[in-house]
Amino acid sequence: MKQVYLKRGKEESLKRFHPWIFSGAIHHTDDQLQEGDTVRVITADNRYIATGHYQQGSIAVRVLTFSDVPIDQDFWASRLASALHMRQAIGLADSPQSNAYRLVHGEGDLLPGLIIDVYGQTAVMQAHSIGMHLCRKAIAEALGRVMQGRIANIYYKSETTLPFMEPENGFLMGGSDDSIAVENGLKFYVDWLRGQKTGFFVDQRDNRSLLEHYAKGKRVLNMFCYTGGFSFYAMRGGAQLVHSVDSSAKAIELTNRNVALNFPGDQRHQAFCDDAFKYLDQMGDQYDLIILDPPAFAKHRGALHNALKGYTRLNQKAFEKIERGGLLFTFSCSQVVTKDNFRNAVFTAAALAGRKVRILHQLHQPADHPINIYHPEGEYLKGLVLYVE
């Protein structure tokens with residue numbers, strides 16, 4: 001195993017178990033080191049401190065372990081078993097009401113660069129680092145062993161997360177086309193072939209359930225609806241009408257299919273393919289519950305300023321149009337946008353709109369998207385439920 005050598009004093013964050021080593025901390029590396037190689041990390045006084053995947057860029061090493069152990073089948077199986085046991089402990093794995101959950105959440109499960117979502121009999125695996133991509137077959141083999149019959153298929157999908165490598169999506173195990181999963185008793189289609197992320201946003205499960213609690217009798221607008229998750233929860237909650245809006249025609253098609261799967265022939269729902277800002281500009285004040293769940297406005301720190309302006313503008317429009325006594329569910333999934341950043345943007349929007357607003361709930365990612373206590377950067381999903389006078 002090749003080695004990476006740190007500059008003097010650059011091991012301090014590793015002593016606090018932070019799982020990233022930045023390129024500026026590295027003094028030198030062994031010759032012929034390739035991207036994706038598994039490396040041992042050595043301090044300036046020649047002591048072992050960590051093992052991880054090497055990659056060119058700002059984050060040069062993603063740490064897999066702080067113990068000098070081989071990265072083999074037993075290692076992968078141990079980490080995956082730990083992830084499964086946690087999901088069993090919180091009642092998600094093997095639940096009779098839901099068969100969709102996140103099994104591996106990168107750094108949160110001590111497997112940086114790896115995402116695994118389970119949808120019924122299919123696990124969708126996604127690599128966010130070259131190292132995890134190169135280990136995909138070994139991980140899939142360990143996953144099949146650990147899940148012990150819970151899954152029959154493993155689909156690998158990393159074309160969008162590693163586009164410069166052009167990895168080929170496809171099944172590493174099995175090959176089923178059964179794409180219907182269940183969440184809290186509601187059914188939905190999962191488009192793991194062409195859909196965003198792994199095919200569905202399981203991170204909004206708890207927030208969708210909360211919305212259902214507030215939906216009775218409401219006229220609901222679900223902006224950036226993607227596959228319509230909030231929409232069909234609102235319908236089960238007794239909404240008077242539900243309008244779903246997305247700029248993607250494929251998303252609208254999938255939303256309509258998901259609504260029909262749960263509420264066939266229900267006339268309360270309509271879907272519109274339109275730009276969010278344009279729709280908000282042109283609509284009247286016919287909604288008393290609005291969901292704003294946009295894609296990440298900032299994927300790196302350099303885009304933070306413009307992202308905050310975007311969140312302010314978006315929320316201001318919603319504040320201006322929502323009925324008196326309405327509820328606004330508003331979110332940011334941008335990792336570089338902190339809770340305070342987002343809250344300030346929403347507060348500014350409320351002030352610009354001249355509305356009286358109260359916070360009812362402060363929302364976040366669910367338990368199957370855990371945050372490694374040594375890696376606070378893993379807290380990415382922020383949300384507010386607001387009462388607007």
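Strand S15 (residues 241-246) has five of its six residues buried and is therefore largely enclosed by the rest of the structure. Here buried means under 20% relative accessible area, exposed means over 50%, and partly exposed lies in between (1.4 Å probe, protein chains only). Helices (H or I, at least four residues) and strands (E, at least two) are DSSP runs, numbered from the N terminus. The structure is a predicted model, in which local features need pLDDT of at least 70 and side-chain atom pairs count only at pLDDT 80 or more, while totals for chains, interfaces and linings use all residues. Residues are numbered from 1 along each chain as its sequence is written, and side-chain values use heavy atoms, with hydrogens and water left out.

Strand S15 pairs with strand S14 (residues 219-223) in the parallel sense, over five bridges; two strands count as paired if DSSP finds at least two bridges between them. Within this pairing, Leu221 has His243 in S15 as its bridge partner.

An open sheet is formed by five strands in the order S7-S8-S9-S10-S11, with mixed pairing. Its edge strands are S7 (100-105) and S11 (170-173), each of which pairs on one side only. From one strand to the next, the twist averages 25 degrees; axes are lines fitted to C-alpha atoms, for helices over the stretch in contact, and angles run from 0 to 180 degrees between N-to-C directions. Inside the sheet, strand S8 (residues 114-119) and strand S9 (residues 122-127) pair in the antiparallel sense over six bridges. Asp117 has Val124 in S9 as its bridge partner.

For the whole chain, the secondary structure comes to 10 helices and 20 strands. Of its 389 residues, 55% count as buried. The C-alpha atoms fill a box of roughly 65 × 45 × 35 Å along the principal axes. Among contacts between residues at least 6 apart in sequence, 63% join residues at least 24 apart, where contact means heavy atoms within 4.5 Å.

A pair of aromatic rings is described by the distance of the centres and the angle of the planes. Rings of Phe, Tyr and Trp (its six-membered ring) pair if their centres lie within 6.5 Å; planes under 30 degrees apart count as stacked, over 60 as edge-to-face and the rest as tilted. By this rule there are 12 aromatic pairs. In one of them, Phe17 and Phe66 are edge-to-face, at 5.2 Å centre to centre and 80 degrees between the planes. This pair links distant parts of the chain, 49 residues apart: Phe17 is in the loop between helix H1 (12-15) and strand S2 (20-22), and Phe66 is in the loop between strand S6 (59-65) and helix H2 (73-89). Phe17 counts as partly exposed at 37% relative accessibility, and Phe66 counts as partly exposed at 27%. The rings of Tyr214 and Phe329 have centres 6.4 Å apart and planes at 65 degrees, so this pair is edge-to-face. Phe17, Phe66 and Tyr374 form one aromatic cluster.
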